[in-house]
Amino acid sequence: MALQKTWRWFGEKDQIRLDDLRQIGVEGIVTSLHHIPKGEIWKKPEILNTKKIIEEKGMAWSVVESLPVHEEIKFGGENRDLLIDNYIQSIRNLGTCGIDTICYNFMPVIDWIRTDLNYNKPNGTYSLYFDYARFVAFEIFMLKREEAKNEYLSDVVEKALAIGKELTSDDKKILVENIILKTQGFVDGLKLDGETDPIRSFKELLSLYKGIDKAKLREFLKYFLERIIPEAEKAGVRFAIHPDDPPRPVLGLPRIVSNLEDIEWITNCVQSPANGLTFCTGSLSVNPENNLEEIVTRFSNRIQFVHLRNTNLCDNLDFYESGHIDGRVDMFEILKKLLIEQNRRIKAGQEDTAMPMRVDHGLQILSDVEHAYNPGYPLLGRMKGLAEITGLELGVERMIKDS
Ligand code: DNO
């Protein structure tokens, strides 16, 4: 009994080598075919090639993160059916190649958001920070989204107005980099690097969602799930939707994977273990109303992939990533509940007993700062997180066995 220890690796371009990962206890790799444009079919030879590279190093390709969902599927565009057909073909190909878990998200336009990628903590480490008012200032002053003034709490808007007036051109450049460029492309979100006017392109993308509210976005997700989940079942593949990050509306866009009620709605949409969840403690924990222990208990049989990371909430719902053990998430309780569920699956003779887990993100510690790792994905910070989680997990396992 133990969750399968996995690690997000970004393919051959990743500065971290597969050879090094085995030394730190990684059993499975989480990756994507990052070179294939969104919407195109993942062909078998391409899948097998990546699989072979991983297996030659003594590990398994445990999870696809992500098989990206094309925007047209999310906003119900005219090519949606064709794009879903392609998506289904990729699922079949992955299933035939023996890959059985796929993580995806249904966040319009933007995959995850931080305003500061180098938040210096007093102990000398660097972390990722979301400054709510600064983000709203980005919307009002840089995207010129006047409506934003009515969409957020008045004290956040007030603060944003003050921040906006002080933004220098360097500050603006950094905000564009952090919000639109550096955090998106490498996870197969927006591909706007190299664009001469990323703000304009970003606004164009936002405009595609005009008139699409929460109910509509839910309808499009349902349409998608009703088509892909039966195919996933046939292919022996399980899906795991990733929660919204941050789990609250931004940019005037609807959010549909932010809390217990959303997850309930999604899991009820299509009743199948293949319609599952990526239980991401980091994303869900920064909604102060979310009770993670309740979520993990309620949907335990739908958790197909686990992201473990911790956070701290500050004033105005600002938050920063606080490593893996310390923070508002009670990692002990979460691991206990996950391991009990794993035990249950084993006893029930289910197939989905590996319960792949990756430590999500990591602080930049020691020499991490000297490397150009993707934001959130340093080597040493994640390695420390994996060691901490592994130790805690051993203790929890022992406690369960002894009790
Ligand atoms: C960021 C990640 C996300 C996640 C996708 C899954 O670090 O958690 O990019 O991979 O949302 O589709």
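This is a predicted model: local features need pLDDT of at least 70, side-chain atom pairs count only at pLDDT 80 or more; totals for chains, interfaces and linings use all residues.

Student: Which residues make the contact of helix 14 with helix 15?

Tutor: Helix 14 brings Met 331, Phe 332, Leu 335, Lys 336, Leu 339, Ile 340 and Asn 343, while helix 15 brings Ile 389, Leu 392, Glu 393, Val 396, Glu 397, Met 399 and Ile 400. By class they are 10 nonpolar, 1 polar and 3 charged.

Student: What makes helix 8 and helix 9 oblique?

Tutor: Helix 8 (residues 169–181) and helix 9 (residues 198–207) pack at about 40°, with axes 11 Å apart. Roughly parallel would need an angle under 35 degrees, and so helix 8 and helix 9 are oblique to each other. Their crossing is left-handed.

Student: How many nonpolar residues are in the contact of helix 8 with helix 9?

Tutor: Here Val 176, Ile 180 and Leu 181 of helix 8 meet Pro 198, Ile 199 and Phe 202 of helix 9. That contact has 6 nonpolar residues, with no polar and no charged ones.

Student: How do you know that helix 5 and helix 8 are roughly perpendicular?

Tutor: Helix 5 (residues 132–142) packs on helix 8 at about 110°, with the axes 11 Å apart. Angles of 65 to 115 degrees count as roughly perpendicular, and helix 5 and helix 8 are therefore given that label. On the helix 5 side the contact is made by Arg 134, Phe 135, Phe 138 and Met 142, and on the helix 8 side by Asp 171, Lys 172, Leu 175, Val 176, Ile 179 and Ile 180. These divide into 7 nonpolar, no polar and 3 charged residues.

Student: Let us turn to cavities. How many are found in the whole structure?

Tutor: The search gives 4 cavities of 30 Å³ or more.

Student: What lines the largest cavity?

Tutor: Its lining has 20 residues, and Arg 8, Glu 65, Asp 111, His 242 and Tyr 377 lie nearest the centre. The lining of the largest cavity is made up of 7 nonpolar, 6 polar and 7 charged residues.

Student: Which residues are closest to the centre of the second largest cavity?

Tutor: Those are Lys 38, Lys 74, Asn 105, Asp 111 and Asp 188, out of 16 lining residues. By class, the lining of the second largest cavity holds 8 nonpolar, 3 polar and 5 charged residues.

Student: Where is there a cis peptide bond, and what is its omega?

Tutor: One joins Glu 65 and Ser 66, with omega about -5°. Ser 66 is in the loop between strand 3 (60–65) and helix 3 (71–74). Another cis bond joins Asp 245 and Pro 246, where omega is also about -5°. Pro 246 lies in the loop between strand 7 (238–241) and helix 11 (260–269).

Student: Why do such cases get a mention?

Tutor: Because most peptide bonds are trans, and most residues other than glycine have a negative phi.

Student: What is the phi of Asn 316?

Tutor: Asn 316 has a positive phi of about 60°, although it is not a glycine. Asn 316 sits in the loop between strand 10 (310–313) and strand 11 (319–323).

Note on methods
Residues are numbered from 1 along each chain as its sequence is written. Side-chain values use heavy atoms; hydrogens and water are left out. Contact means heavy atoms within 4.5 Å. Helices (H or I, at least four residues) and strands (E, at least two) are DSSP runs, numbered from the N terminus. Ala, Val, Leu, Ile, Met, Phe, Trp, Tyr, Cys and Pro count as nonpolar, Asp, Glu, Lys and Arg as charged, and the others, Gly among them, as polar. On a 1 Å grid over the protein atoms alone, a cavity is a set of points where a 1.4 Å probe fits but cannot get out, and a pocket is an open set with protein on both sides within 12 Å along at least five of seven lines; lining residues have an atom within 4 Å of a point. Grid points are joined across faces, edges and corners, and a volume is the space filled by probe spheres set on the points. Axes are lines fitted to C-alpha atoms, for helices over the stretch in contact, and angles run from 0 to 180 degrees between N-to-C directions. Angles under 35 degrees count as roughly parallel, over 145 as roughly antiparallel, 65 to 115 as roughly perpendicular and the rest as oblique. A crossing is left-handed if the near helix is turned anticlockwise from the far one by less than a right angle, and right-handed if clockwise.
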